[in-house]
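Q: Hey, could you walk me through this one? I'm new to it.

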Amino acid sequence: MAVYDENIIRKSNDIFWYLVKYRELSFEKDNDLYDAYCESDEVQKLVKSMSESASCEVERLGSVIYLIPDEDNTFLGYSKAELKKELCKSGGTDKDYYLAQFVILNLMLAFYDGSGASAKSRDDLRVGELENMISDGLARGTAVLDEDAQSEAGIAFTNMRDAYEALKSTDSFKGVRSKFTKQGFLNGILKFMEDQGLINYIEADEMISVTRKFDNLMNYDLLNDNNIDRVRRVMGELENEQN
């Protein structure tokens, strides 16, 4: 068993609890802790060991160190019930929850195409364009794929379409908070993602841009996820079917 110097242990603890509190560590925010992590294999090993015990991963993506909770980590992450409460209307069902996930996936695919040196394909997106992408995607899915094909693809377009059509519609996104409307539902998701440091949402201009944190996560990890690859493939197949 390795024996570590007391200073190494103390510094590793400081880094881990900093990550628990802030979820990320950059040179600009705390250069002492950042350098300690980057320059010491022993510190890195101890921090990663502590993160594994807490059902997390520690990854340096670009010039930022992130603490990433495992999918089933409900202490540092969100449970399905908590996410449903954050993203969906009061009394929301699984249909509403999966619709919220579909919105987020469309946002990802709008900004990142997974090709070239960087996965990023654009700098900003209007909320109205995102709304059209969601409507078009649900319409294509239900028109082209029957329920058996949807089940095989792992995307329940019919259920999500029903949940989306059950929402009322308003003329504008600005100031709309009711999650019983399409615009308020989208606003709530965008505000949640902004709170997580993933996007910048200028509601007055109805404009979305993504942050460096989102860029790093997508370029390094998320675009390798088979679920996202499957969604992109299904979307492409739907477009090909209609052309």
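A: Here is a chat about the sheets, helices and loops.

Q: What should I know before we start?
A: This is a predicted model, where local features need pLDDT of at least 70, side-chain atom pairs count only at pLDDT 80 or more, and totals for chains, interfaces and linings use all residues. Residues are numbered from 1 along each chain as its sequence is written, and side-chain values use heavy atoms, with hydrogens and water left out.

Q: OK, sheets. What is the strand order in the one with β1?
A: The order is β1-β3-β2, in an open sheet of 3 strands with antiparallel pairing. β1 (24–26) and β2 (56–61) are the edge strands, each pairing on one side only. On average, neighbouring strands here are turned by 15 degrees against each other, direction ignored. Strands are DSSP runs of E with at least two residues, helices are runs of H or I with at least four, and both are numbered from the N terminus. Two strands pair if DSSP finds at least two bridges between them.

Q: How many bridges join β1 to β3?
A: There are 3 bridges between β1 and β3 (residues 64–69), and the two strands run antiparallel. Glu24 stands opposite Tyr66 in β3.

Q: Which helices lie across that sheet?
A: Helix α1 (residues 6–22) lies across β1, β2 and β3, at about 115 degrees to β1. Helix α2 (residues 31–39) also lies across β1, β2 and β3, running at about 95 degrees to β1. For the angles, axes are lines fitted to C-alpha atoms, for helices over the stretch in contact, and the values run from 0 to 180 degrees between N-to-C directions. Contact means heavy atoms within 4.5 Å.

Q: And how do α2 and α3 cross?
A: The axes of α2 and α3 (residues 41–53) come within 5 Å and cross at roughly 100 degrees. That makes α2 and α3 roughly perpendicular; the label covers 65 to 115 degrees, while under 35 is roughly parallel, over 145 roughly antiparallel and the rest oblique.

Q: Which residues meet there?
A: From α2, Ala36, Tyr37, Cys38 and Glu39 meet Asp41, Val43, Gln44, Val47 and Lys48 in α3.

Q: Switching topic: what's the order in the sheet with β4?
A: It reads β4-β6-β5, an open sheet of 3 strands with antiparallel pairing. β4 (125–126) and β5 (199–202) each have a single partner strand, so one side of each is left without a neighbour in the sheet. β4 is joined by 2 bridges to β6 (residues 207–210), with Arg126 opposite Met207 in β6.

Q: Where does α5 lie?
A: α5 lies across β4, β5 and β6, at about 70 degrees to β6.

Q: What span should α5 have?
A: Its 18 residues (94–111) should span 26 Å at 1.5 Å a residue, and the end C-alpha atoms are 26 Å apart, which agrees. The expected span is 1.5 Å times one less than the number of residues.

Q: Which residues of α5 are buried?
A: Among them are Tyr97, Leu99, Phe102, Ile104 and Met108. Buried means under 20% relative accessible area, exposed over 50% and partly exposed in between (1.4 Å probe, protein chains only).

Q: Last one: what's the phi of Arg23?
A: Near 70 degrees, a positive value in a residue other than glycine. Most residues other than glycine have a negative phi. Arg23 is in the loop between α1 and β1, and is partly exposed, at 28% relative accessible area. Ser55 has a positive phi too, near 60 degrees, and lies in the loop between α3 and β2.
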